[in-house]
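Me: I've got this one open and could use a hand reading it. Can we go through it bit by bit?

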Amino acid sequence: MRLNLRTRTRCRLTAFPALTAALLMGTGAAAAAVLGLATSAHAAQESTISVSPKVVAAGQAVRISGSAPISGCPADDDAILTATEALFPEAGFGPHVPRDSSGAFSVSYTVPTSTPPGVYRIGFRCGGGNVGVSARLRVTGQVGTVPSGGVATGAGGADRFGAGQWAGVGLGCLALAAILVPVRRRLARQLR
Amino acid sequence: MIPPGGRGAALRRIVDTAILGLVGCGVAALAFAALGSGSPDGPPAVEVADAAWPAPGTASAGGPASRAADQPSRSAAAAPEALPRSVPVELRIPAIGVRTGLVPLGVESDGGLQVPADFAVAGWYTLGPTPGEVGPAVIAGHVHSQRGPAVFFRLSTLRPGDVVRVAEQDDLVAVFEVYAVGEYPKAAFPTGRVYGNVDSPELRLITCGGPFDARSRSYRDNVVVYARLIAVERA
């Protein structure tokens, strides 16, 4: 089935090259202008898919855009996004996205917070077959770089001036006093 | 040389006083060392144990009535929508009298979370969500400096229901409500619970706690306050 779809698409495109190209270039340019897709007019002849941004934290949204020529998959047919279950929990199938008259589609998708960090390939089906193109999406944790271990927020500390320090001060005072005692004695002698 | 009764007697009196004073101070300091080694100004212990771990969405036990005034009224139903990424600039925790600017924090070369150089300000972790974004935003601050209590000295006394406000550069204020307070030995820091993905905007406030080890000059534990976004205000 899948192979058949692709083969048929190719055949049709080569059968009427001039006409198809002219048609698709026109509609493709319009679609690109309207949807802001980064597809060239030429790319509209082939199936495309892209994802933006290419790196995202779990729980954030990405925009997935693409197109499949209406010659291969009628414009009425939705694009059904595919990836692994980690990204699309319903058996690996994502949103069913309506396509415009040129065969282009665009959808916002929120990556589940359950999606583990990693690289995912997003493809799509159209008209019952897998279209055979994919886009890479890198998913990171919400905390992109997870710090290791505990946090050193006690560098000061409550005991900085604790027992040891007080004992030092005490002994210091007594030592000073001991130094002064002979001084005092000498003073007393001189006064006599 | 020295005339009796004049300058010499005065000098002698001064030296007498000094000796007496020094002996007094010395004895007092030694007594303080013997009695006061229990660090009278150490950080308070965690009041609310980690045991009560409410599932997200369940109403947490409210704080003391005196703090109820802080709490914005909230309709239990609708959690606010997540905020766009915006640099946090100020942290306010009325329940413990905290109002501080925020400095950016990264990771140290050993992979640990950086801490603010200034003991009087807290810092936010830049390699994670900003407060109000989906995910666990992290703010860390010191508990104590060599000169006395630091910005998060009383963090461990926060209780479920207390309110934490984070003002951001885009003039929005993310309002969080504490739902749990935990204390863990640093060696058993719950990395997954603190930094792991969550479904909604949350906040983690981290400081030190537990007994102080004079030899390593550090606290044994970390105190972590867990809060979730309950409202968004305009600055």
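**Talking through the two chains**

Me: Let's start with B:I139. What does B:I139 touch, leaving out residues up to four places away in sequence?
Reply: B:I139 touches B:L91, B:L102, B:A122, B:G123, B:W124, B:L203 and B:L205. Keep in mind that this is a predicted model.

Me: And which residues touch the most other members of the largest nonpolar core?
Reply: B:I139 is one of them, along with B:A140, B:V164, B:F176, B:V225 and B:A227. That core has 52 residues.

Me: Which strand gives the most to this core?
Reply: Strand β10 of chain B, residues 218-234, which puts in eight residues.

Me: Where's the other core, then?
Reply: Apart from that one there is another core of 24 residues, and its members include A:A68, A:L81, A:A104 and A:V139. As a general point, nonpolar side chains tend to be buried together in soluble globular proteins.

Me: Back to B:W124. Which way do the residues of β3 in chain B point?
Reply: B:A122 and B:W124 point one way from strand β3 (residues 122-125), while B:G123 and B:Y125 point the other way.

Me: Buried or exposed?
Reply: All of them are buried.

Me: What does β3(B) pair with in the parallel sense?
Reply: Strand β2 of chain B, residues 98-105, over four bridges.

Me: What's the strand order in the open sheet of chain A?
Reply: The order is β2-β8-β7-β4-β5, five strands with mixed pairing.

Me: Why is one side of β2 and of β5 left without a neighbour in the sheet?
Reply: β2 (55-57) and β5 (93-97) stand at the edges of that chain A sheet and each has a single partner strand, so one side of each has no neighbour in the sheet. The twist from one strand to the next averages 35°.

Me: Walk me in from β5(A). What does β5(A) pair with?
Reply: β5(A) pairs with strand β4 of chain A, residues 79-82, in the antiparallel sense over three bridges. A:I80 stands opposite A:H96 there. β4(A) also pairs with strand β7 of chain A (residues 118-126), again antiparallel, over four bridges, and A:L81 stands opposite A:F124 in β7(A). A:L81 is also among the members of the 24-residue core.

Me: And what about β7(A) and β8(A)? How many bridges do they have?
Reply: Eight, in the antiparallel sense, with β8 covering residues 129-140. One facing pair is A:R121 and A:R136. The two strands form a hairpin with two residues between them, and A:G127 in the turn has a positive phi of about 60°.

Me: Last one, B:L30. Where is B:L30 found?
Reply: In helix α1 of chain B, residues 7-35. Beyond neighbours within four places in sequence, B:L30 is in contact with A:A167 and A:G170.

Me: Why does B:L30 count as partly exposed?
Reply: B:L30 has 19 other C-beta atoms within 10 Å, and a residue needs 20 or more to be buried and 12 or fewer to be exposed, so B:L30 falls in between.

Note on methods:
Residues are numbered from 1 along each chain as its sequence is written. Chains are lettered from A and ligands numbered from 1 in the order in which they are written. This is a predicted model: local features need pLDDT of at least 70, side-chain atom pairs count only at pLDDT 80 or more; totals for chains, interfaces and linings use all residues. A nonpolar core is a set of buried Ala, Val, Leu, Ile, Met, Phe, Trp, Tyr and Cys residues joined through C-beta atoms within 7 Å. Two residues are in contact if their C-beta atoms, placed from the backbone, lie within 7 Å. Two strands pair if DSSP finds at least two bridges between them. Axes are lines fitted to C-alpha atoms, for helices over the stretch in contact, and angles run from 0 to 180 degrees between N-to-C directions.
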